[in-house]
Amino acid sequence: MENKHIEALKKIVGDDNVYSDKAHLRAYSYDATKQRFEPELVVFPRNENDVSNILKYCNEHKTLITPRGAGSGFTGGSLPVNGGIILAFEKHMNKILEIDEANMVAVVEPGVINTDLQNAVEQKGLFYPPDPASMDYTTLGGNVSENAGGMRAAKYGITKDYVMAMRAVLPNGDIIRAGKRTIKDVAGYNIAGILIANEGTLAVITEITLKLIPKPRFKKSYIASFPDVENAMNAVFKSLANGANPVAMEFLDKLVIKALKQKLNADLPENAGAILIGDIDGNVQEDILFQEGILEKSFKENGCFDFKTSNNEKESNEIWYARRNASPATTIYGTLKLNEDISVPRSKLPVALNGIYKIGEKYGFEIPCFGHAGDGNIHVNVMVKDKNNLEEVEKGHKAIKEIFELVIDLGGTLSGEHGIGISKAEFMNIAFSEAELNLFKQIKKTFDPNGILNPGKMGI
């Protein structure tokens, strides 16, 4: 990057907020995909006005910008694949601006950590439900940009269900407000809806207004064992149809169970072909007991041979131990994990999983699966035994493509919560028609005619 551009940006944000040294460039070159693309510059805006001035300058000089939160994404959404500037928010724009108890909303800057908001609102008896696995370090700006999910989605939904409004800066530097703090708002196009999950390709989010709900007073965890995955998946949608409303309904298949027992000596039933784990909550104990009863009855009608619930927090943590360690345990099956987060209608879970296992047999891979059964979101892990065997790696990618084709045929989607980024961009034509992809490109062109914002993402 030419020195004149660096000096111009320093005049906007100050010398101590612009870095081109190797340490900063390396630190902002990767995410959870473990791929590396170094930026040419790292810039820390102090406020919305800085963001506006930065974008205006970069738009005039056709300088590329990649907005970045914590860099915890699994699809490369925050990687500067074409160089340019990383716009990083964690240094300054990381404040909870307001917790409005009367209207039950919180107003935050994009660099606020998810857990920090949860802790702050819970001190006031309120609750922000979206809980991605990375919530202890992921930022709310990143959550909105990727429409993050989490384990509580079965009952409470995902990030989009809590975004009421936002402020954002367009690539030309214009500042806009999308949405309102009001419960009802049907004036104009739903621009906030378009900006959710835009992966930083349309605008830079500078402020988010989030809906809060009252925090439930009671919670209990459960674990249920089944002879096979088909029984467990049938139990999921049948229990929900019978009136169950669990906070979470997570599943582990037999390969994950085997891995947990072998690697971590987890105390799980020897003969379990699948396990369901989750929470139920409510404001009165009677509601907890009612939910527990529906789950136990529905589960046992669908093959459950062991159903347990927690009596205290210690027992709850013991139940959740298996689910929290599912991902690292699967490394017993290979040195390279090709993991995807496909999602299907809940009733299609048995068909989807059986199809995935058949694809594994076809290519000779173990494919342990776990995830959010309550909302149909499966974490699929194609395990390549030797990451240095290029032929095996290529076969792994072919298996992933076939899994995507299966999922789309079942009415599902390429991603339930991780996004598209660069990892899934090549598969967008499986999920969308040419007319739909052209519409995406037109939307991108309307917001960002010079193509400076996070280029190379989502196949557009």
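Q: Which residue in S14 is the bridge partner of Glu250?
A: Strands of a sheet pair through backbone hydrogen bonds, either parallel or antiparallel. Here the bridge partner of Glu250 in S14 is Ile277, and the two strands concerned, S13 (residues 248-253) and S14, pair in the antiparallel sense over six bridges. Two strands are said to pair if DSSP finds at least two bridges between them, and the elements are DSSP runs numbered from the N terminus, helices being H or I with at least four residues and strands being E with at least two. This is a predicted model, in which local features need pLDDT of at least 70 and side-chain atom pairs count only at pLDDT 80 or more, while totals for chains, interfaces and linings use all residues. Residues are numbered from 1 along each chain as its sequence is written, and side-chain values use heavy atoms, with hydrogens and water left out.

Q: How many bridges join S12 and S14, and in what sense do they pair?
A: S12 and S14 pair over nine bridges in the antiparallel sense, and Tyr222 has Gly278 as its bridge partner in S14.

Q: Where do the side chains of S14 point, and are its residues buried or exposed?
A: In a regular strand the side chains alternate between the two faces of the sheet. In S14, Ala274, Leu276, Gly278, Ile280 and Gly282 point one way, whereas Ile275, Ile277, Asp279 and Asp281 point the other way, and all of them are buried. Here "buried" stands for under 20% relative accessible area (exposed is over 50%, partly exposed in between, with a 1.4 Å probe and protein chains only). Strand S14 (residues 274-282) is thus mostly covered, with nine of its nine residues buried.

Q: Which residues of S6 lie on each side of the strand?
A: In strand S6 (residues 105-108), Val105 and Val107 lie on one side and Ala106 and Val108 on the other, and all are buried, with both faces of the strand covered. Strand S5 (residues 96-100) pairs with S6 in the antiparallel sense over four bridges, and Ile96 has Val108 as its bridge partner in S6. S5 and S6 form a hairpin with four residues between them, and in the turn Met104 has a positive phi of about 55 degrees. S6 also runs antiparallel to S10, to which four bridges join it, with Ala106 opposite Leu210 in S10.

Q: In what order do the strands of the four-stranded open sheet stand?
A: The order is S1-S2-S4-S3, with mixed pairing. Strand S1 (18-19) and strand S3 (65-68) stand at the edges and each has a single partner strand, so one side of each is left without a neighbour in the sheet. Strand S2 (residues 41-43) runs parallel to strand S4 (residues 85-88), to which three bridges join it, and Val42 stands opposite Ile86 in S4.

Q: How many aromatic pairs are there, and why is the pair of Tyr128 and Tyr162 given its name?
A: A pair of aromatic rings is described by the distance of the centres and the angle of the planes. The rule is that rings of Phe, Tyr and Trp (its six-membered ring) pair if their centres lie within 6.5 Å, with planes under 30 degrees apart counted as stacked, over 60 as edge-to-face and the rest as tilted. By this rule there are ten aromatic pairs. The rings of Tyr128 and Tyr162 have centres 5.9 Å apart and planes at 75 degrees, so this pair is edge-to-face. Tyr128 lies in the loop between strand S7 (126-127) and helix H5 (140-146), and Tyr162 lies in the loop between helix H6 (153-156) and strand S8 (163-169), so that the pair links distant parts of the chain, 34 residues apart. Tyr128 and Tyr162 are both buried.

Q: What parts of the chain does the pair of Phe226 and Phe299 tie together?
A: The rings of Phe226 and Phe299 have their centres 5.6 Å apart and their planes at 70 degrees, so the pair is edge-to-face. Phe226 lies in strand S12 (residues 218-226) and Phe299 in helix H10 (residues 285-301), so the pair ties together parts that are 73 residues apart in sequence. Both Phe226 and Phe299 are buried, and ring pairs link Tyr222, Phe226, Phe299 and Phe307 into a cluster.
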